[in-house]
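Reader: Could you walk me through some of the labels used for this model? I would like to see how each one is reached.

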Amino acid sequence: MNATPARPSLAQNRAILRQGLRASVAEGVLATPVVTMSLPVNIFMTALVAKGFPLSKPDIGGASSLPFACNFLQVFITPLVTRRARARPTAIIAAALHTGCWAWLGWKLPFLSPADPVATGRFLLLWVFIASLFNAVLSVVWNGWMHEIVPARLRGRYFGQRNRLIQGATLVFVLGTGCALSWGGYSARTFQAIIAVACLCRVASLFYFARMPDRGPQTHAPGPATLPLRQQVAVVRRSHSLLLFIAFGAVWNFASNCFGPFYHVFMFEQLDFSGLQVGLLATLTALGGIISLPIWGGLLDRYGNKACMAVALGLWQGPNFLWCFLTPGNSAILYGMWFWGGALSAGFILGQFTILLKLIPAEARSLAIGLNLAVTSIVAAVSPIIGGEVLARLFAQGYAPLDVYHVVFLLQPAVSLLGCILLLRIEEPASSPLGSVVGAMRNIRTLSGVLGLSFFVNYLFVRPADADSRRRLK
């Protein structure tokens, strides 16, 4: 008797794939609250450390830096884990541990004292580090898993539909969180209720994780042969445009992260914004990005990435000098600024991702990705710590907080515009495959949270389809 199990038929493979794709959509929607709250800067965490349990500026800077530090550390952890375990159980365990961290925070909140910011800050820094490490490992494993189970011919259409549903869920969660915090008076019970809802949704999403297949039915062509390390180093050293892009990325990460986490704090503390107002600003940023993304996709294809990125960055950062003149009396201009910033930053970040696809040399892919991730992660992790220390020292010297913020907010637009000198010197080669830089996308995704772009950040994980691809899909 033949005991060899029969291979699944084509119809069975299609049914398995269809079930997995549907489960992935449900998982993404249910995971939205925890994913949104886990970004470095978001309405929940900013309200927690600025209104609920006020922390010192160095502690806020340290908490904002830890997700980037964990992006770097996971480079050494994830390969060890994935070498011994499959993607699905690894993702489920990492998601469960990450959810456990949030439950731990919810349980601990009533025991944290706003009158003892030192002890509260010490606990929150430890918590952010542990939760961010689990989240960094989960994100990389999840991305590799999705690119394995979703056939290439379906990715653009499928992830486009999936992300639209997630964007709707994010909108509901951000506005709901803003209203709840405002009406609840930023009490510990309000924060606990939001965490409880997010954790319950995440636990439900684990059920759909388990319904997704380990891998798709398609086969992948073998990649290029790996060169010895010394030859890979030589290839990277000859890739002058890649090195210029890494240098530009370091400058940009410093400019956007040094005082970036404190823009939200400034709105809560100095402009006396409510959670609902901050939620509306985040929504306007997202809407600006959603409206402009199709236009930016066409412009990037037609005129190239670096030119569009330079124009987008200049038009985006120029109005940011207005932060240096904001007071409670004229704060209404922020609504227009955030919508405009969302529309322009969408083109810049999309170009930042697509130009990276072109600059990674295929014969030294791993080394190039590691170098880019290491440099940008270290700079992004150190920058908010420096920003927090600078603010603390200026406040300690007796300067008015409003004047201090007005001065330090000069840094981001000024340094960003100077960084365009490096950007414009980059030579843009032909495009590279999307799958070659999944690991390098981590900091782009994390940084989007600092910039208030979490609503549509998943768009960056799907390369825009060209005209031929769209015709084939139709």
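Author: Gladly! Helices (H or I, at least four residues) and strands (E, at least two) are DSSP runs, numbered from the N terminus. Ile77 lies in one of them, helix α3 (residues 57–84). This is a predicted model, where local features need pLDDT of at least 70, side-chain atom pairs count only at pLDDT 80 or more, and totals for chains, interfaces and linings use all residues. Residues are numbered from 1 along each chain as its sequence is written, and side-chain values use heavy atoms, with hydrogens and water left out.

Reader: Why is Ile77 called partly exposed?

Author: Buried means under 20% relative accessible area, exposed over 50%, and partly exposed in between (1.4 Å probe, protein chains only). Ile77 has 31%, so it is partly exposed.

Reader: And what makes Arg202 buried?

Author: Its relative accessible area is 3%, which is under 20%, so Arg202 counts as buried. Arg202 sits in helix α7 (residues 188–210). Its C-alpha atom is 6.9 Å from that of Thr99, 103 residues apart along the chain. Leaving out residues up to four places away in sequence, Arg202 touches Glu27, Leu30, Ala31, Val34, Ala95, Thr99, Leu138 and Phe209 (contact means heavy atoms within 4.5 Å).

Reader: Why are α11 and α12 called oblique to each other?

Author: Helix α11 (residues 275–303) and helix α12 (residues 305–317) pack at about 130°, with axes 7 Å apart. Axes are lines fitted to C-alpha atoms, for helices over the stretch in contact, and angles run from 0 to 180 degrees between N-to-C directions. Under 35 degrees is roughly parallel, over 145 roughly antiparallel, 65 to 115 roughly perpendicular and the rest oblique; the pair is therefore oblique.
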